[in-house]
Amino acid sequence: MGCLAESSALQSPVFTKQPGSIVYPVQTVENNREVVFSCEAQGSPPLVYRWKLNATEIIPKAGSHYSLSGGNLRISRLNKDQDAGTYQCLASNSFGTIVSREASLTFAYLENFKTQRRSSVSVREGQGVVLLCGPPPHSGDLIFSWIFNEYPTYVKQDSRRFISQETGNLYIAKVEPSDVGNYTCVVTNTVTKTRVQGPPTPLVLRSDGVMGEYEPKIEVQFPEVVHVAKGSTVKLECFALGNPAPSISWRRVDNVPFPRKVDTRKASGILEIPYFQQEDAGTYECVAENSRGKNMVKGKLSFYAPPHLIEKPQDVQKLIDDSLVWECKATGKPKPSYRWMKNGENMESTERIQVANEVLSISRLTLSDTGMYQCVAGNKHGEVYSNAELRVIAVAPDFSHNQVRSQTLVKVGGDVLIECKPKMSPWGVISWRKGSEPLLETSRVSILESGSLRIWNVTKADAGLYTCLARNQFGVASSTGSVTVKEPTIITTQPATLDVTVGESVVLPCQVSHDPSLELKFTWFFNEQLIHFGNHGGFFEKVGGLKTLCLSHHLLLIYIPSATLCLPISLSLLPAWLYHLSGPPGPPTSIHVEEITDTTASLSWRPGSDNHSPIMAHTIQARTPFSLGWQAVTTVPEVVGGQQLTATVIDLNPWVEYEFRVLASNRVGTGEPSEPSKQARTKSTSPKVTPANVSGGGGSRSELVITWEPVPEELQNGPGFGYVVAFRPHGTTGWMQAAVPSPEASKYVFKNESIQPFSPFHVKVGVYNNEGEGPFGPVTTIYSAEEEPSRAPTRVRAKSLSASEAEVWWKALPWNASRRRVLGYEVSPLYWSRSEREDMASVQRTVGNQTSTVIRGMRGSTTYYVSVRAYNTAGTGPPSATVNVTTKKPPPSQPPIKVMWNASNSKIILNWERVKALENESEVTGYKVLYKKNRHSRPSVMETNTTSVELALPVDEDYIIQIKPFGEGGDGSSSRQITIPKIPGIKSNHFYCHVTCAGTLVQYMRVKFLCASFTATELCKNTVT
């Protein structure tokens, strides 16, 4: 251990030099390889230093390759496997411990290429080619170059040749005969300065012709999103193969011109932006173009900055039982996160200690809280540390800065509070004396927890001297004050509301009783406005021992015991208590948002006119861009009284713009609302609401698809809103996480070749914004993408049911075959049309383990070739063996004609002509009679194999009837719809004959035997009367 020189004054530790990161070049075997990390600090008593490697304390021992010199750490006989990592220096004395920033030790090296030979690459003239470098294992930045044939002939980059400094590969946009030869990749480590050469790659021309011209094909492209740190230099690579050799150009998608510092170097396909700043962020586009066309790629440059402290905690001295709040703020992008340390150890929240991101608060301080504290702000680009010392001290009671009030005046029957606020630490015991006697608590006298004294319903006996005594283990102190009790001032005669008749005068008395030791002052108001006597044209005066105002006909008079003085005044100036006209209150005015937090807003306003009826209550309303008009809000107090002109609105949403308005109410009603306040945005805070309906599944092989409903904007609580997707395979403990920075995003896809098909994952989705991370939603189970079924159904059979339907059935597959679920089956019927091409009828899908289905909508007299596949979310499996099925002949196309009906007392007899099927139609095997009693009811069906049927007589409602033939091909065409009217009260010796002739219904009434002797054809040909 090492120590700094002693200082004469006591001082807590402060770093003067902190360690920096080291990259050590690994050369060939060295005997004395060592590094030194620097660390210096000031402090008294002298400092003791310690070091940590990867959060584990280093303990130097005799013979160890670690040693301390002052605060510096020397590491000799370096071993890259043991010594690489993150180092921190700790400096301690009696005030506490501070920790330095992190410093890394890494080793730069470059191994040799493993292979000695590479296969030749054969291309046509005019064709593009990529020669792979494949650098050997290494650490540290590399530079790539290529030797053509022999050293020192290097490949020169131009519009036709490009060397990627990302991969090391050589790209030739269009091969020419002069390019034939051997190419060797040369790799140089910028730290170690070592250089290795790969095996040569022969490039030869093929003899089967020259490659024709073709449009650019971009082979070198930059990522979709590139995160760039502030002040760094970014290089984007873009190169394309093509014939002719493409040209490369760059632009910003938003058409902002490049500043002078940007080097596009179009010929070499590199866009270089030095000293990257916020304004350089945006979407960039590379365009590769030749005479055959053009292609383009886009990528986004995202600005990042390491943390920079703008507000640091300061050294502070506090009393025991006091509270501490320290705030630490830093800029940076992404927004820094914070942690707090005490004496070199990370702090966690407890009952007294709250570690809330950038704020540290400690309540009820104790001596053990004394020490060195550090705020650490960090993001992906680094961390910054700030130090502060907390000293907790003990103090005997002291009233020198806050004595008891020397005199307190109170009226008989009133209440009084005498405050006692000594300075002492820790807080001790408070007691009171009245005169020389201890003061005992009663139902009227109480010593509050704060030490103050409260007396209710004061009497004359309560007057006297009161002494507060404060005591703790370090001492005693006291402070004294007096209480004086007076009689209350009471108005014994007061003005009343009067009705005044023109020509009369009136006196307004105001008489009081009071303590004789007090001097009185009278004040009058007119329409709630203070009367300034001597103004108003001299209309108002205050005179005499009895204070009065008087009113006469067009005159305001002031009566004095010995004389009367009358001055003229307009009747329009009559006070409100003389002339009443009541209505709802006018709108309040001057609505102001005095203070606003993340969920509350403090409002103030001025009252409008009460319109001669006192205002009893106020109502506050708010609206936002997301609300439907004005909405009532919750306030503190819950009921805002008529005399109250301030209120606090609670339960607001953070980071939302609000407008507020106020309405006043009296006994008459609620008045018009005030004008809206200026828009005010609540402060941001970390989000609280998580996405709903987290689900997913499906996708492509080796994918886990996670979906959710985005959180509405009004619930995002601040800018920079995004989602944190956490997932893990079932049976594991560690979570994998991914940030989705778009607030509108509703999907995340994780792809990894190691994911097994249809594997269960635990998934939860959380939220964050610029203020910090919010909660995660509940954990749900989502399955990774599955593979389509690998087996085909067997035993497929098919049978024709009619000209348009066929039934297909098959044997089901097992559901647990190698994680390849079967969600159902897909039946595909194919046929050959007259144009000799393959057509498909509608595909049928079944669900679950259903193993048969009926295919509908088929063509009659057609042979179909049917196959069945199993399916799941990944797609369909292989088809089964094909079976064929030929549909039956189509049903008869001709409808029944010459439909006739006869009515008797109890029944209807229907007759029609037999339908003859055409040669390509299925034979008629019967007829279906469809009849119903109104147009909206379902029809009843009667089947017959003859050309007549009997129906019950329609007595209550009309019959609506259709007739159609059917055969094995299905149902044929229907006859035209006919209506048989209800026939009430038919004579028993008559019969009605009806026949449809050429679409016209003709009715005859004949005796029964005559009607039966005519056929439908004869009835249509002859008119029978």
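Is asparagine 693 buried or exposed? In this predicted model, asparagine 693 is exposed, with a relative accessible area of 52%. The residue sits in strand β64, which spans residues 692-696. Phi of asparagine 693 is near 55 degrees, a positive value in a residue other than glycine.

Serine 861 also has a positive phi, about 55 degrees, although it is not a glycine. Serine 861 lies in a loop, between β77 (852-855) and β78 (863-872). At 43% relative accessibility, serine 861 counts as partly exposed. The cut-off for exposed is over 50%, so the 43% of serine 861 leaves that residue in the partly exposed class.

The chain has 1025 residues, of which 41% count as buried. Its secondary structure comprises three helices and 90 strands. Contacts were examined between residues at least 6 apart in sequence; 63% of these join residues at least 24 apart.

Tyrosine 385 is buried, at a relative accessible area of 14%. The cut-off for buried is under 20%, so tyrosine 385 qualifies at 14%. Serine 100 is 285 residues away along the chain, yet the two C-alpha atoms are separated by 7.5 Å. With neighbours within four places in sequence left aside, the contacts of tyrosine 385 include Gln88, Val99, Ser100, Arg101 and Glu102. Leu309, Arg339 and Met341 are also among them, as are Gln374, Cys375 and Val376.

Two cis peptide bonds are described here. One joins asparagine 243 and proline 244, with omega about 0 degrees. Proline 244 is placed in the loop between β24 (239-243) and β25 (247-252). Another joins valine 636 and proline 637, again with omega about 0 degrees. Proline 637 falls in the loop between β59 (634-636) and β60 (640-641).

Charged side chains come next. Side chains of opposite charge can pair when their charged atoms come close. The structure holds 32 salt bridges. In one of them, arginine 161 pairs with aspartate 158, and the closest N and O atoms are 3.0 Å apart. Arginine 161 is partly exposed at 21% relative accessibility. Aspartate 158 is partly exposed too, at 25%.

Arginine 681 and glutamate 657 also meet in a salt bridge, at 3.8 Å from N to O. This pair links distant parts of the chain, 24 residues apart. Arginine 681 lies in strand β63 (residues 680-681), and glutamate 657 in strand β62 (residues 657-665). Arginine 681 is partly exposed at 35%. Glutamate 657 is partly exposed at 29%.

A further salt bridge joins arginine 821 to glutamate 786, with the closest N and O atoms 2.8 Å apart. Arginine 821 is in the loop between β73 (806-811) and β74 (824-832), and glutamate 786 is in the loop between β71 (780-783) and β72, so the pair ties together parts 35 residues apart in sequence. Arginine 821 is partly exposed, at 24% relative accessibility. Glutamate 786, by contrast, is buried, at 3%. Elsewhere, Arg124, Arg206 and Asp208 are linked in a network of salt bridges.

A positive surface patch is made up of Arg791, Arg795, Arg797 and Lys811. Within this patch, arginine 795 is located in strand β72 (residues 794-800). Arginine 795 is exposed, with a relative accessible area of 59%.

Conventions:
Residues numbered from 1 in each chain as written. Predicted model: local features only at pLDDT ≥ 70, side-chain atom pairs only at ≥ 80, totals over all residues. Heavy atoms only, no water. Patch = residues over 30% accessible without salt bridge, like charges linked within 9 Å, V, L, I, M, F, W, Y side chains within 5 Å. Areas by Shrake-Rupley, 256 points an atom, 1.4 Å probe, with all protein chains shown as cover. Salt bridge = Lys/Arg side-chain N within 4 Å of Asp/Glu carboxyl O. Lys, Arg positive; Asp, Glu negative; His and termini not counted. Charge placed at Lys NZ, Arg CZ, Asp CG, Glu CD. Helix = DSSP H or I, 4+ residues; strand = E, 2+ residues; numbered from the N terminus. Buried < 20%, exposed > 50% of the residue type's maximum accessible area, 1.4 Å probe, protein only. Contact = heavy atoms within 4.5 Å.
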